[in-house]
Amino acid sequence: MIRPILVLIAILCATPACAEDGYDLWLRYHRVETVYRTPVRTLVPNGTSPTVAAATSELERGLSGLTGRNIGIARNTGDGALVYGTPATSPLIARLAPQLATLGDEGYLIKTQGRVTIIAANSDAGVLYGAFAYLRAVQTRQDLVALDIASAPRLKVRILDHWDNLDRTQERGYAGFSIWDWHKMPDYMSPRYTDYARADASIGINGAVLNNVSANVNILTPLYLAKVKALADVFRPWHIKVYLAVKWSAPMELGGLKTADPLDPAVAAWWKAKADELYTYVPDFGGFLVKANSEGQPGPGDYHRTHADGANMLADALKPHGGIVMWRAFVYAAENPEDRAKQAYDEFVPLDGRFRDNVVVQAKNGAIDFQPREPFHPLFGALPHTNLFLEVQITKEYLGLATSLAYLAPLYEEVLHADTFAKGPGSTVTKVIDGALFGNALTGMAGVSNVGDDRNWTGSEFNQANWYAFGRLAWDPSLSSRAIAQEWARLTFSNDPRFVAPVVDMMLASREAVVDYMTPLGLHHLMATGHHYGPGPWVDDLKRPDWNPVYYHKADTNGLGFDRTVVTGSGATAQYAPPVAKMFENADTTPETMLLWFHHVPWTAKLKSGHTLWDELVVKYDEGVAATARARATWAAMKPYVDDERFEEEAAYLAIEEKEAHWWRDACLAYFETFSKLPFPAGHAPPPHGVAYYKAINFPFVPGH
Ligand code: BDP
């Protein structure tokens, strides 16, 4: 009965001038124009579970705000009723059982039958997802008179990985500190945890790894398990399971064992007991995420055991409880002189078929590391007998941290649509991860979260779009980036076409702009050391060869790029299926967006544009800079449609991005010019300073590091 207040807020916020701070994300339930108003007047829930109650609370809140009427529960199933439930809880819905047959555990139907609207599902979780979908339809001004929507997720596990430390710092987080206020839990549970769960549930996310992959063992102590339980209790009604990242050496650090060898029975017994204990706190605990033998983390390799030995031992401990192990494929070793891009494939392909059925290998989108653009990871398609999840970064470690506007759905889409040719043409990464290609039952996608305790959750309004897009794509990888951007812009800002059309175009151009002003033509990992903020193409003094940008671009007086061909280079091209390998092996058939990833190209070589490599490089950097200026101009014209607070913040961020784009362009070109020794093409100014100037720029404190 708090609705009158919401209604009042909705009325007061009817004009764009009303201040908003981004807290509401895409769940803004401002009043819609009368013509779009939903016919729903009463809610008729069926079922008594906390999940049905969650659906009811969201529908009450949402529909009351959107209609300006007080919409609540009534038993009247007549005109204006919104009836929701499952065949087991409602005879009306039982009649829809045939149509529900293909929608699985989490899918839903939304139908209008005369003046009655029905949300039907096979489970209460499906009902909850249907409720959010209905609200979305109202928010985006869909025709509500003859709804007939059926939807079911293509992937089973749709999970956020929070790289949050127990001291509330975040690895690669740019939105303040961790939202998990561990110290106060479990006695104080911030209402924010519920709002977080609502946001996740609204886009279909059904799992969260609470802590950093580079894990601290304390998370497995009773002190922290009580806190984990408290979060799991908050999330459960919203159909979100908790998972934990675990450190391989936990049996030694916590259990006092002398070894963490996976084949040692005492080690296996320790993990089994720990799993049993964990499930007493969280009976529906999801499972473990493991970063092992990677970047200094311990792992089974320390005992000359394989990743399969390690993953299977943990999987056996979780199996009786229904838990899974997500074992990361992000492994590379300093001692290994092999091209870093090849190392994960080399380690995991021989293990194909040797993992338990509750193990998944989790591979990043590309073989190096969440770069602005990478070719798809060669493990996709190469592990026909292994469950494989795709891991993408939502946080923008390598794409401008908090302030740049880089809408990442095109990046995700690019990898999901990439054709591995594993079973002939059409063997897309989507079909690898959704089980269509190899028939694996355990499917999923993980996103490294960008959520922090900033009021707007993600550090900028437009970063919210990446969280949103991740969830929507994990539910349905065939959605287009454009459709998702349209939906998000309408939900988050305005349905006015004069706003939606230009802003969506701006979003769709934004990731390519970052690629162009940072690492065009297949360049990668040119970022400054450690914090990765800003350019550092000259860095050559770090102890691991593959932490140095010079390792990746290999600029010399002859040319630029990493030769990964079989004939003259590292041979990484051969890790792809033959048609893909053949395409990448030849510079003429390699898409120019990935040219320097696979080839060392002479400065004077002619590219498709007719430019030399050097000229094209300059042109691309300048295109990136120009795109940031265009984005600023687009946004400046949006002032009439956006509240002041969000408008001004984004305007300032876009100005920062333009400044940084110039910095990237000037620094990289000043540096590469020392190798090419070629003049700048007509109309493209040389950088205002020599490379020494850019090398001297330093930032001692950058977030997320
Ligand atoms: C890299 C990050 C590092 C992460 C690592 C990982 O720089 O902080 O720990 O990925 O994925 O991109 O494990």
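In helix α12, the buried residues are A409, P410, L411, Y412, E413, V415 and L416. Buried here means under 20% relative accessible area, with exposed over 50% and partly exposed in between (1.4 Å probe, protein chains only). Helix α12 spans residues 409-417, and seven of its nine residues are buried, so the helix is mostly covered. Helices (H or I, at least four residues) and strands (E, at least two) are DSSP runs, numbered from the N terminus. This is a predicted model: local features need pLDDT of at least 70, side-chain atom pairs count only at pLDDT 80 or more, and totals for chains, interfaces and linings use all residues. Residues are numbered from 1 along each chain as its sequence is written, and side-chain values use heavy atoms, with hydrogens and water left out.

What do the buried residues of α12 pack against? Their partners are β13 (387-393), α13 (429-433), β14 (444-448), α14 (461-475), α15 (481-492) and α16 (497-518). Contact means heavy atoms within 4.5 Å.

Now step back to the loop between β13 and α12, where T403 is found. T403 is buried, with a relative accessible area of 15%. Leaving aside neighbours within four places in sequence, T403 is in contact with Y653, I656 and E660. T403 and V415 are twelve residues apart along the chain, and their C-alpha atoms are separated by 24 Å.

Next comes a sheet. Six strands form this open sheet in the order β2-β1-β3-β5-β4-β6, with mixed pairing. Its edge strands, β2 (72-73) and β6 (148-151), each pair on one side only. Two strands pair if DSSP finds at least two bridges between them. Strands β4 (residues 108-113) and β5 (residues 116-121) run antiparallel and are joined by six bridges. I110 stands opposite I119 in β5.

A pocket is an open set of points on a 1 Å grid over the protein atoms alone, where a 1.4 Å probe fits, with protein on both sides within 12 Å along at least five of seven lines; lining residues have an atom within 4 Å of a point. The lining has 27 residues, and E106, K156, V157, N206 and K241 lie nearest the centre. β7 (157-161) and β9 (241-246) are the elements that give two or more residues to this lining. Where does the largest pocket lie? It lies between domain 1 (4-151) and domain 2 (157-479), because both give residues to its lining. The domain bounds come from an automatic or database domain assignment.
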